[in-house]
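Open the model in your viewer and keep the selection tool at hand. The stops below say what to select and what is there.

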Amino acid sequence: MVITPIHYIIVPLIAAFAIPLISKIHKELYRIVPGIVMFYNIIISFVLMKEVNEVGYISEIIAGWEAPWGINLIITPFSGFLVSLISVLGFLIWLYQYRFKKVIDVGEIKSYGIMQMLMITGAIGIIITGDIFNLFVFMEIVAITAVSLTSFYRGRDGAEAGFKYLLIGSFASAMVLLAILILYTQVGTLNMAEISERMHLVPQGIKATILILFIVGFGIEAELFPLNGWAPDAYSQAPGPTSAAFAGIVVKAGIYGLIRIIFTLFDIDGAFDFLIIAGLVTMIIAEFSAVKQTNLKRMLAYSSIGQMGLVLIAFGIGTKEAVFAALFLMFNHAIIKSLLFMTGSILMYNSKDKTILSIHGIAKKLPYVSILFAIGSFAIVGLPPFSGFWSKLYILTAAANKEMILLIIAILAVSIVEIVYYFRVVSKLYFAEDTEHIEIFKPSINSLIAMGVLAITIIVIGVYPDLITGYLHNAADMLLDKTSYIKFVLNNNVQIQ
Amino acid sequence: MKKVLVIILLVIIGYFLAETFINIPFGENRIGDINLEKPTAAGYYLSNTTEKSKVANVITAIVVNYRGLDTLGEVTVLFLATTGIASILYRRKEEEENAETERLSLPSSNIVRSGARVLFPTIALLGIYVFIHGHLTPGGGFQGGTIVATGFLLMLISYKGFNTNHNRMVWIESLAGLSFIFLGIWGLISDNTFLGNIPEVGKLNSLISGGLIPLIYIAVGFKVAVELTGILDILLKIKPKK
Amino acid sequence: MEDLGLKIFGAILTTILGFVVGMTYGGIVRKLTARVQNRYGPPFYQNFLDLLKLQFKKTNIAHGFMGHMAPVWIIIAAVTVLMFIPILNGHLWFPNLSFHGDLIFLLYMMVFGSLGMALGAGQTGNPNSAIGVTRGLSQMVGYEIPFVLSLVALMIQYKTTSVQDLTQIQHETGVWLAVANPFAFLAALMASLGMFRYSPFDIVGAPAELASGPVSEFGGKYLGTMMSGGAIFSFIKLTLYVHLFLGGAGNPEKTGIIAILIGLGILLIKTFILYMVPVFYGWINPRYRTEQAIRYFWGWPTALGIIGVLWAVY
Amino acid sequence: MNIFFLIILIFFSGAILSFIINKIAPKFSGITTFITIAVVVFLFFTQIEINSITQFSLGGIQMQFGVNNYTYIFAILVLGLSLLASLYSIKYMQNNDRLGYFYSNFILTVTGMLGIIFSRDFISFFIFWEIMTWSSYLIVLYNGKHSSKSGMKYMIFSAIGAYAMLTAIVSIKGSYGTFIISDAIQQGAFNFSENIYIPIMLLIGFAVKAALMPLHVWAPNAYSKSPMSFTSIFSGAMSKMGILGMGLVLASVYSQTTNDNTFSVLVLKQVLGWLGGITAVMATIYALIQTDAKKLLAYSSVAQLGYIIVGLSTGTKLGVMAALFLAVIHAVFKGALFMVAGAVEKQVGTTDMTKISGLIRKMPFTFFTALVSIIALAGIPPLGGFVGKWMLYEALITESNNYFLVIVIFFSSTAAFLYSYRFLFGLFLGQEEKETEHVKEAPVTMIIPMVILALILIVTGAYPGILFEPIAHGMHYLGFSDVNWDMSVLVNVWGEESNMAYINLSIGVVFVVVFLFLTIKGYKGTKNVGTKDISTSGEIPTENENLTFQLDFFKPFERAAAPLYKRSMDKIWNDLGNALEAIFDFTRRIYTGNGQTYALFVIIFLVILLIFKNTLFTN
Amino acid sequence: MQEEFNEIFLKYHEIITLGVYGTAIGLMLIGLYAILTKKNLVKIVIGLSIFDAGIHLLFVGIGYVKGGTAPIFSPGYENAGNRMVDPVPQALVLTAIVIGFAVTAVALSLVIRLYKHHNTAKIDQIKSLKW
């Protein structure tokens with residue numbers, strides 16, 4: 001049977017619906033099945049990536065109705081790249097959380113796997129769908145799973161973080177819904193390609209309103225300032241694997257939505273300047289707030305927000321190389337921040353009062369985790385020879401080619417702040433006197449494997465970035481020319497035999 | 001102070017919304033002629049549904065077939081809501097024992113109880129009717145499922161002792177969801193596109209028509225009914241301590 | 001070949017000359033000071049007697065390697081510097097090596113001796129020595145500043161850094177640099193007060209307080225050698241001043257014995273007058289504390305030196 | 001395989017290897033390091049021919065490796081010093097824990113420095129620069145938590161410098177479209193008439209590593225906190241990487257000076273020169289009030305770097321030559337001195353000069369090294385230090401006519417005598433402590449490198465020409481034509497000369513005569529007595545009281561120079577840091593935990609966008 | 001019957017427009033006001049659903065076509081395709097409603113937990129996570 005994009009959606013759903021039944025057969029199944037699904041996702045992704053690099057686009061139409069009428073799933077090099085990234089991360093996160101020892105009392109472990117899996121499915125759906133309302137539906141899937149995962153720990157704060165997330169998240173869905181509504185009245189269709197084809201018919205004022213609603217809606221998912229109030233709480237309260245998934249997967253989906261809207265649907269130039277401004281403000285405020293955090297995961301959350309701001313800046317510059325740099329940065333941030341969250345949550349488990357202060361010299365007890373964390377933080381602040389350096393370099397080069405010296409200086413100044421707080425933690429990890437800990441929770445071997453894979457990727461890409469730059473250049477070019485996208489979707493949407 | 005600020009903000013938002021919608025006249029026909037070469041989406045649906053997928057109710061056709069993926073997602077959202085609530089309000093065994101588990105409910109009078117006992121089957125029947133005839137008459141899986149769930153709600157609030165069989169509900173839920181997907185996969189196998197329809201069987205406006213659409217909608221109905229009931233059940237079980 | 005012999009002869013002669021003159025001046029000053037303080041005082045050749053006594057005394061204590069090396073270093077510094085400054089305007093009897101080094105070299109070479117002395121004094125383990133050394137070094141930082149300022153002034157005024165050329169210029173133009181650049185001269189003069197370490201700048205040795213400071217642990221041959229080195233140093237300083245500012249002495253062209261004697265006579269007169277300046281100043285001034293001394297040197301002398309430099313530039 | 005890649009590969013594998021070996025047999029970790037560096041040294045001096053270029057591309061960026069005459073100077077310096085230091089650290093680091101960590105970072109640092117020397121394009125330059133920075137940062141942290149603060153300071157300032165450099169680099173790419181250094185110079189990237197800020201940014205970047213005022217704050221702590229065997233490289237070689245860059249930039253700035261921008265270049269010269277001078281003075285006067293020998297040496301390193309920068313700032317033949325000469329010599333004697341401090345620390349356990357004294361009889365070789373290096377440091381003839389100082393003064397007086405700067409320099413180098421004496425006296429002279437009776441001379445593998453360095457100093461004192469030759473070639477590469485040099489005669493533009501040969505001759509003659517005289521005369525009767533055998537105004541101190549004078553050593557000077565001690569750069573930077581902390585603390589308070597406020601933020605954001613929609617979102 | 005309705009519609013077109021849009025926008029604003037000012041969590045959730053209700057009403061509203069019938073080809077309406085209201089918004093609003101329901105349910109469960117832990121439902125007293 002041919003592998004097509006729809007597998008991304010149906011296989012997890014089958015698993016999700018079946019898990020309650022099969023877990024009656026054997027108790028372990030509800031842990032294992034998601035892993036199998038994730039692995040299958042990786043297979044799909046690689047098959048499709050190969051195909052995309054030959055064909056250029058892959059489209060699948062649902063229920064046999066052609067593009068403007070029915071819903072269709074489209075894989076461009078851009079989305080294909082993101083999707084494979086997400087699938088691999090998803091599998092690694094599953095590997096990391098498999099046999100996760102219960103440190104804090106949690107909710108129904110049975111439903112954890114399902115929700116994690118469906119959150120990833122939703123993210124993938126956001127990326128591969130070609131229909132804007134369908135995108136909204138997947139966004140909702142992500143939102144609900146994210147909320148319930150955030151409040152998965154039965155401690156007091158989980159629910160609070162979850163509620164904040166839900167409150168702001170429902171704003172997001174409402175805005176997007178409203179935007180879709182107005183858009184539909186103007187262009188009378190929901191297919192993205194057709195929308196962007198007819199966008200020139202929309203009067204300027206209404207167009208701007210729609211764009212603003214979209215920006216607010218997706219900006220909430222993409223952690224734009226000041227829409228990101230939920231993010232630090234959610235990141236810091238969610239279980240470790242979930243925080244990793246947030247940083248690596250959910251945010252990417254949000255950014256993708258924003259970028260897809262601005263680059264493909266609309267033809268408004270002012271949006272790019274707006275992206276730069278918003279990204280700059282987001283980055284500065286987030287990184288500043290990160291410095292004085294005491295909870296490690298919260299600090300990581302702020303830093304992740306800051307990185308997203310950098311990504312938005314890069315997209316806002318808007319040239320080919322800038323978009324390329326942004327993609328590279330998204331890739332780096334996905335792997336690095338996931339690694340940091342994985343290691344960081346283990347460190348947090350082992351600190352008495354859940355603060356950075358009480359992990360003095362834990363490196364003696366947890367050598368591997370600590371060194372992985374150190375690698376992660378070196379990479380995220382962009383020190384060579386780790387992969388973070390290249391993305392930063394490319395972004396700066398892109399900015400320099402547009403003579404944006406002040407922007408460069410701002411970015412670099414902020415990265416100094418980044419260095420400050422990351423290296424504070426690293427030096428605490430290693431070079432403080434060893435305080436006695438509550439019983440050390442050592443990560444199981446599969447978690448170590450998952451983290452190790454990420455670390456090795458970081459180093460390998462850092463030493464030899466040419467491994468992925470090819471893909472990324474291709475993706476950036478495809479993202480930037482939307483006419484071919486429209487033409488492909490609307491005219492020659494052949495089914496894949 | 002805060003209220004004033006909020007009101008000002010809301011006034012501004014209201015102004016801009018009004019400004020937007022003034023340009024969208026109410027009741028204007030944006031569908032255009034449905035028999036054009038390339039009509040709008042709505043026009044296409046209106047013109048082709050009866051021939052191509054033999055379903056009288058265009059909305060059903062759209063919900064289940066044209067935009068079937070949305071519906072699948074929708075069902076998933078409901079499913080996730082159930083799971084999420086289950087895990088959010090999860091209580092372990094020992095807690096189950098020592099927390100008093102009887103449902104929070106008013107001491108309902110005799111009349112209510114007997115009335116409920118009479119009404120429940122009829123409500124359930126109505127709901128089932130609604131989602132079986134989803135492709136002919138207004139309504140469908142979601143609406144029918146909701147009606148059934150209201151029946152259960154009635155029972156739940158009027159009978160302290162009324163307990164839904166959790167195990168059975170899980171079975172129904174999973175099977176319904178799976179059947180939805182597998183009906184879709186049938187399409188994938190038969191004419192190579194997920195949720196692809198096989199409209200040949202039956203004639204328009206008869207119960208047996210529209211190919212897979214009614215079946216899917218029935219599955220959806222069962223699923224929705226069970227899920228809503230489950231949600232109500234969980235929410236009602238909780239007794240916040242004073 | 002005989003040229004080389006002459007050179008060696010001249011070198012030895014220079015050394016002896018410097019030694020004798022230095023010792024004698026020291027004796028004379030002791031005598032005069034005693035008179036001023038209304039004592040009888042030792043004869044002017046007393047220093048020679050002391051030296052002889054020290055050299056013939058049997059030394060039976062040595063304070064290790066550096067203690068042994070300290071006198072050596074002092075002599076090294078003294079003689080080397082002596083070799084590199086011109087006597088009698090670099091008369092061909094006494095040209096020594098004065099064409100091969102310049103002022104900056106001299107400045108640094110002079111420190112060499114005091115560093116050796118300091119290290120030697122340090123090893124003896126006598127706290128007084130160390131205290132004396134620190135005071136001496138601090139004071140040095142004080143008086144080097146105006147001194148160097150004046151030298152720099154000369155250098156840039158005449159676009160040369162070699163003592164030889166400076167004396168040559170004075171000899172040809174007949175204008176003393178003390179006249180050509182009075183401020184630099186004054187600065188150097190005031191700096192010299194510190195250099196000679198007479199009262200009020202004698203806190204380094206501080207008689208009756210530190211038991212004569214750095215050298216307090218040395219006796220016998222060591223002290224003797226140090227004394228002779230010190231004597232040569234005082235001669236060196238005087239001669240340097242004379243040749244830098246006061247037009248030098250003698251005439252390098254005239255090679256007759258008479259000319260040399262005349263030149264020597266002029267040299268002695270000038271040096272003696274110059275030598276009296278710090279001595280007189282010392283008679284009429286009480287002792288300064290180290291920081292006072294340093295502040296003194298960083299006050300007017302430095303200001304004069306700066307004026308001198310500006311004078312030289314414009 | 002290409003020799004450059006081979007060397008880098010050897011280094012990296014050596015780093016990993018020494019890390020692994022430490023797990024198996026900690027003893028051999030250091031030896032592995034030594035062997036790795038030795039192999040690289042061999043390869044470098046046998047295989048590499050100068051001015052050969054290797055092209056390659058990484059991450060879509062053209063890169064070049066190669067060694068030219070200029071960088072060759074620094075290559076000698078780095079390789080030689082790190083070889084000796086690695087030999088030294090075998091014993092020095094013995095039975096410490098986390099040796100693998102130390103040695104792998106040690107090798108990585110050397111890799112960074114050699115990579116900087118290799119790279120002829122900005123990107124690889126920057127990459128190796130950063131590798132050098134973070135590996136050295138990790139070593140600064142090595143000594144535990146009391147060093148983490150200074151490590152943080154070091155990292156922050158390095159980051160400031162590195163990012164200033166990066167800004168310049170990317171803007172070179174933006175304006176001239178190349179990352180290759182030579183192309184950028186040819187296209188006039190460093191031409192003041194075209195753009196003023198690229199060279200300035202680069203200079204700032206390098207100035208941090210070269211510990212130039214006011215970016216020098218990190219240096220004293222970082223130097224004194226890290227293990228001595230590394231500090232000898234850290235202060236000796238790594239600071240010279242900053243000098244390397246500054247020399248390159250300044251030389252091309254000066255050579256591209258055209259008439260319309262002479263003024264700005266003049267300003268640059270003056271500013272740099274005075275910054276260097278002030279650095280020298282301040283560092284010196286802070287050095288002489290230290291009581292910890294390591295701290296003292298650290299401050300003096302900063303001061304010496306100040307001299308070097310002054311030399312560079314003149315931009316004249318003699319000045320640049322002096323700067324490069326001083327750079328090499330400083331590497332030698334400061335490396336030696338830090339090794340001395342390390343040896344004392346290893347044998348005695350502390351380098352606090354108020355606790356130690358009179359080690360001269362216990363550790364003669366160490367003392368010899370210390371003596372020679374100190375003489376060189378103080379610039380006293382006849383050793384190499386004097387040569388550098390002489391050239392510096394001559395350059396300032398005769399060529400760049402910067403007279404008052406001369407005074408400043410001279411003041412600081414006179415004050416340098418004070419701390420030089422402080423160092424020697426505090427550690428080696430004075431009465432012997434009771435605690436240090438058991439102390440022995442350092443092991444031989446620590447002695448050898450120190451003595452080798454001392455001998456180098458003596459030889460270069462007599463024949464500075466040995467160093468002049470490569471320096472002259474390097475300067476030729478920098479664009480200073482016909483640099484004339486002699487084996488042992490120093491000549492300035494006015495023709496005056498200082499003949500080191502004659503100087504050494506006279507010194508030698510007198511030395512022999514007097515030494516023999518003193519030694520032979522009454523040799524039999526003389527007996528060496530202990531340092532307790534003294535007459536402090538008549539009375540003999542008892543055995544267990546120590547009269548060594550160590551506290552408030554230069555109090556009079558402090559009192560006299562009190563105004564200079566008033567304001568220190570550290571305070572200013574600290575105030576800045578506190579202000580920033582306040583800002584950070586404010587920004588995070590935006591996130592009030594109240595969900596409703598967040599919702600309000602969303603609405604406000606929406607409203608603002610709606611109000612400005614026609615200005616913000618237009619085609 | 002249909003015709004009469006059309007006449008009425010044409011006569012009071014503005015008022016009807018105002019009625020439909022005004023009601024919808026008014027609902028949205030009321031919901032927002034509740035979300036932004038009410039302290040009680042339950043009231044906030046109610047505000048959310050009011051807000052959603054407003055949007056859903058807009059959906060249905062924009063779907064209406066003058067004199068259109070329900071988009072069902074039931075017997076007698078086989079070829080009324082051109083007189084039918086826009087079916088798409090109705091389909092969409094169905095989905096939207098269900099999603100809104102799910103969100104509300106999750107929100108309520110969260111409220112229950114918060115109340116259990118904090119013994120209060122005041123949002124400004126639930127601030128254990130901040131800064």
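A salt bridge here is a side-chain nitrogen of Lys or Arg within 4 Å of a carboxyl oxygen of Asp or Glu. By this rule, the count over all chains is 20 salt bridges. The model is predicted.

**Stop 1**

Select Asp131(A) and Arg67(B). These two residues form a salt bridge, with their closest N and O atoms 2.6 Å apart. Why does this pair join two chains? Asp131(A) sits in the loop between α4 and α5 of chain A, while Arg67(B) sits in the loop between α3 (58-66) and α4 (68-88) of chain B, so the bridge runs from one chain to another. Between chain A and chain B the count is 1 salt bridge. For residue pairs in polar contact between chain A and chain B, both at pLDDT 80 or more, the count is 5.

**Stop 1**

Now color chain A by element.

Together the two chains bury about 4700 Å², and 71% of that is on carbon and sulfur atoms. Within it, pick out Phe17(A), Trp65(A) and Trp69(A). They supply 19% of the area that chain A buries against chain B, more than any other three residues.

**Stop 2: chains C and D**

Which chains have the most contacts between them, among the 7 pairs that touch? Select chains C and D, the pair with the most. Here 74 residues of chain C are in contact with 72 residues of chain D. The buried area between chain C and chain D is about 6400 Å², with carbon and sulfur atoms giving 76% of it.

Zoom in on Glu291(C) and Arg559(D). Their side chains meet in a salt bridge at 2.9 Å, N to O. The count of salt bridges between chain C and chain D is 1, and there are 5 residue pairs in polar contact, both at pLDDT 80 or more.

On the chain C side, at least two residues each come from β1 (61-62), α3 (64-84), α4 (103-123), α5 (127-158), α9 (220-244), α11 (290-298) and α12 (300-313) of chain C. Helix α5(C) gives the largest share of the side that touches chain D, 16 residues. By class, that side of chain C has 43 nonpolar, 21 polar and 10 charged residues.

**Stop 3: chains that do not meet**

Show chain A with chain C. No contact joins them, and their closest C-alpha atoms lie 40 Å apart. Then show chain B with chain C: again no contact joins the two, and the closest C-alpha atoms lie 67 Å apart.

**Stop 4: a nonpolar patch on chain A**

Return to chain A and select Ile456(A), Ile459(A), Val460(A), Val463(A), Tyr464(A) and Leu467(A). These residues make a nonpolar surface patch of about 520 Å². Helix α17 (residues 445-463) of chain A gives the most to the patch, 4 residues. Ile456(A) has its place in that helix, α17 of chain A.

Technical notes: Residues are numbered from 1 along each chain as its sequence is written. Chains are lettered from A and ligands numbered from 1 in the order in which they are written. This is a predicted model: local features need pLDDT of at least 70, side-chain atom pairs count only at pLDDT 80 or more; totals for chains, interfaces and linings use all residues. Side-chain values use heavy atoms; hydrogens and water are left out. Buried area is the accessible area (1.4 Å probe) that two parts lose on being put together, summed over both. A polar contact is a pair of N or O atoms within 3.5 Å; within protein, one must be able to donate a hydrogen and the other to accept it, and residues adjacent in sequence count only if both atoms are side-chain atoms. Patches are made of residues with over 30% relative accessible area and no salt bridge: like charges are joined within 9 Å, nonpolar side chains (Val, Leu, Ile, Met, Phe, Trp, Tyr) within 5 Å. Accessible areas come from the Shrake-Rupley method with a 1.4 Å probe; for residues, only the protein chains shown count as cover. Contact means heavy atoms within 4.5 Å. Ala, Val, Leu, Ile, Met, Phe, Trp, Tyr, Cys and Pro count as nonpolar, Asp, Glu, Lys and Arg as charged, and the others, Gly among them, as polar.
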